[in-house]
Amino acid sequence: MERTLSIVKPDGVKKSLIGEVVRRFERNGLKVVGMKMIHMDKKEAEGFYAVHRGKPFFESLTDFMSSGPCVVMVLEGENAIQKTRELMGATDPAQAKEGTLRRQFATNVERNVVHGSDGPDTAAFEISYFFNALEIFEY
Ligand code: CDP
Ligand code: MG
């Protein structure tokens with residue numbers, strides 16, 4: 001069993017895609033073991049995306065991620081990290097496979113609806129960025 005962190009980004013929330021994203025995960029064997037709505041401020045978005053600091057898209061990305069509420073969730077399942085990334089599709093929706101969330105719903109490479117951790121270390125960091133032990137459940 002593996003855990004990963006996913007986010008319905010502000011564009012996804014505004015497009016009423018919370019249910020669609022969660023349904024896609026649940027249908028594909030991922031269990032939602034933690035979930036909440038948050039609204040990051042600029043500093044919190046910068047901390048979350050610290051690995052991208054200095055890249056050309058960092059300013060715009062952290063403005064976008066702090067522009068409205070997000071739904072953050074902890075997903076659990078076999079190969080949860082890879083499975084979530086497959087369901088999301090490539091970062092740039094134009095490159096994303098048919099049927100993926102980003103291909104279907106993203107506006108552009110920045111406003112791409114959904115986030116998913118990219119490896120075990122990032123998953124651990126990202127889960128602990130938003131959730132404490134009492135906010136993650138076993139069922
Ligand atoms: O989210 P993912 O892991 O697929 O991509 P990333 O390379 O870790 O980039 C994080 C986020 O930055 C992306 O999901 C996009 O929202 C944004 N981004 C962007 O605005 N322009 C790029 N050229 C690359 C990423
Ligand atoms: Mg990433």
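Ground rules. I noted that this is a predicted model, where local features need pLDDT of at least 70, side-chain atom pairs count only at pLDDT 80 or more, and totals for chains, interfaces and linings use all residues. Residues are numbered from 1 along each chain as its sequence is written, and side-chain values use heavy atoms, without hydrogens and water.

I found 4 strands in an open sheet, in the order 2-3-1-4, with antiparallel pairing. Strands are DSSP runs of E, at least two residues, and helices are runs of H or I, at least four residues, both numbered from the N terminus. Two strands pair if DSSP finds at least two bridges between them. Strand 2 and strand 3 have 7 bridges. I marked strand 2 and strand 4 (114–116) as the edges, since each pairs on one side only.

Helices on the sheet. I saw helix 2 (residues 18–27) lying across strand 1, strand 2, strand 3 and strand 4, at about 5° to strand 3. The angle is taken between N-to-C directions, from 0 to 180 degrees, with axes fitted to C-alpha atoms, for helices over the stretch in contact. Contact means heavy atoms within 4.5 Å.

Core. I listed the largest nonpolar core, which has 19 residues; Phe-130 and Phe-131 are among those touching the most other members. Such a core is a set of buried Ala, Val, Leu, Ile, Met, Phe, Trp, Tyr and Cys residues joined through side-chain atoms within 4.5 Å. Buried means under 20% relative accessible area (1.4 Å probe, protein chains only). Helix 4 gives the most to this core, 4 residues.

Conventions. Chains lettered and ligands numbered in written order. Buried < 20%, exposed > 50% of the residue type's maximum accessible area, 1.4 Å probe, protein only.
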